[in-house]
Amino acid sequence: MSDAVTSASTDPDVALLGAVCRELAEAADAVGEAARHASALALGARLPAAALARGGRRRPAWRTLLRTLTDPAGLGWAPRGRGVAAAGRLAGILTGRESLAVSIAVCGLKARIRAASAGRPGLAAHPDAAAVFRAVEENRQGEAVRAFRALMRSRGSAYAFTLLSPAFADLLAWHALTDENPFNDHAGWQVATGRAMTADPLLGFGAACLAFFDRGPGRGEPAPPGAARRVTATAVVAAAPAPAPTRPPAQAPASALRSHAAGLRSHAVRLRAAVVHLRWTGPKGEAFRSEVRGFADRCAVAANGFALAANQLDAAGSL
């Protein structure tokens, strides 16, 4: 059998792989938000103070939340948020601790990069692009960066951006989430989960910081008052102030934990269903399905931890 036939038989179905990628992005976002809520509760002030008080009835719930936030079979190392949670997250990054939310996001980015290359067979066959894609697929972050830099030096930035344009944003996000720089993770996370970009994916600097330092020649200048402008319907709609976001009513800690538990269970079911229908033969396809099923199992484990903590909080009384 020729290499071309073998390659075609083991390429994933791009449309079905795209559906799995969307499920992975939504699951990563849900896991991250659940971890953020649990971190605010377990590493905040009220629950630890109540748990550590003499005869604290909420100590079992606090311990359950801490175990859930650090369980390698569930959320991994999952502190997220501000204060102690932010310090815990940074310590986890610096010590190489794995986070389920980030792992799901990275898996989704790699799948999106694979879908982009599979959708354009000529791109995967290009030696310069193939070197980058192969390093990403095999989790060789340093080699992927070196291949991209070599492409930039040999052919120029315009050629490199054009060649990798279908997957360029995902490549930058994958680099941000897998490198050793903790300050660009937020930008990579935004790309991976489809949120609005507010930070640079390489350095991690926010738009406000870049605007503060952009004071040299060529910077953007506001239009003078009364300047003639061509007004279109699109411009009017774009200029209209966006409605203020409405916040959902605050839930009791136990109810919120149950909501996150239900959400994680739902994503576990959806992830398992998504890979059942995925047409991707060969060892790489089976490894991908096994990885996604593993994420689903870990979502279920985390959901059980949140549900147990909610029951323990109810038994101890509201905060």
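Okay, let's start with what I mean by a helix: helices are DSSP runs of H or I, at least four residues long, and strands are runs of E, at least two long, with both numbered from the N terminus. What you're looking at is a predicted model, so local features need pLDDT of at least 70 and side-chain atom pairs count only at pLDDT 80 or more, while totals for chains, interfaces and linings use all residues. Residues are numbered from 1 along each chain as its sequence is written, and side-chain values use heavy atoms, with hydrogens and water left out.

Let me begin with one residue. Glu-26 sits in helix α2, residues 14–42. For the cut-offs, buried is under 20% relative accessible area, exposed is over 50%, and partly exposed is in between, with a 1.4 Å probe and protein chains only. Beyond the neighbours within four places in sequence, Glu-26 is in contact (heavy atoms within 4.5 Å) with His-267 and Arg-270. And Gly-194, 168 residues away in sequence, is 8.7 Å from Glu-26, C-alpha to C-alpha.

Now the whole chain. There are 16 helices and 0 strands. Of the 319 residues, 39% count as buried. Take the contacts between residues at least 6 apart in sequence: 68% of them join residues at least 24 apart. The accessible surface is about 17600 Å², and 60% of that belongs to carbon and sulfur atoms. That area is Shrake-Rupley with a 1.4 Å probe, and for residues only the protein chains shown count as cover.

On to α11, residues 168–178. This helix is mostly covered, with 8 of its 11 residues buried, including Leu-171, Trp-174 and His-175. What do the buried residues of α11 pack against? They pack against α6, α8 (127–137), α9 and α12 (185–193).

Let's do α9 first, residues 141–155. The axes of α9 and α11 come within 10 Å and cross at roughly 135 degrees. Axes here are lines fitted to C-alpha atoms, for helices over the stretch in contact, and the angles run from 0 to 180 degrees between N-to-C directions. So α9 and α11 are oblique to each other: under 35 degrees is roughly parallel, over 145 roughly antiparallel, 65 to 115 roughly perpendicular, and the rest oblique. The crossing is left-handed, meaning the near helix is turned anticlockwise from the far one by less than a right angle; clockwise would be right-handed. On the α9 side the contact uses Gln-141, Ala-144, Val-145 and Phe-148, and on the α11 side Phe-168, Trp-174, His-175 and Thr-178. That divides into 5 nonpolar, 3 polar and no charged residues. Nonpolar is Ala, Val, Leu, Ile, Met, Phe, Trp, Tyr, Cys and Pro, charged is Asp, Glu, Lys and Arg, and the others, Gly among them, are polar.

Next, α6 with α12. Their axes come within 9 Å and cross at roughly 60 degrees, which makes α6 oblique to α12. This crossing is left-handed. Ala-101, Val-102, Ala-105, Leu-109 and Arg-112 of α6 meet Trp-189, Val-191 and Ala-192 of α12. By class, that's 7 nonpolar, no polar and 1 charged.

Staying on α6, residues 100–119, there's Arg-114. Arg-114 is buried, at 14% relative accessible area. Past its neighbours within four places, Arg-114 is in contact with residues including Asp-11, Glu-137 and Trp-280.

Last stop, α8. Its buried residues are Ala-129, Ala-130, Val-132, Phe-133, Ala-135 and Val-136. After α8 comes Asn-139, with a positive phi near 60 degrees.
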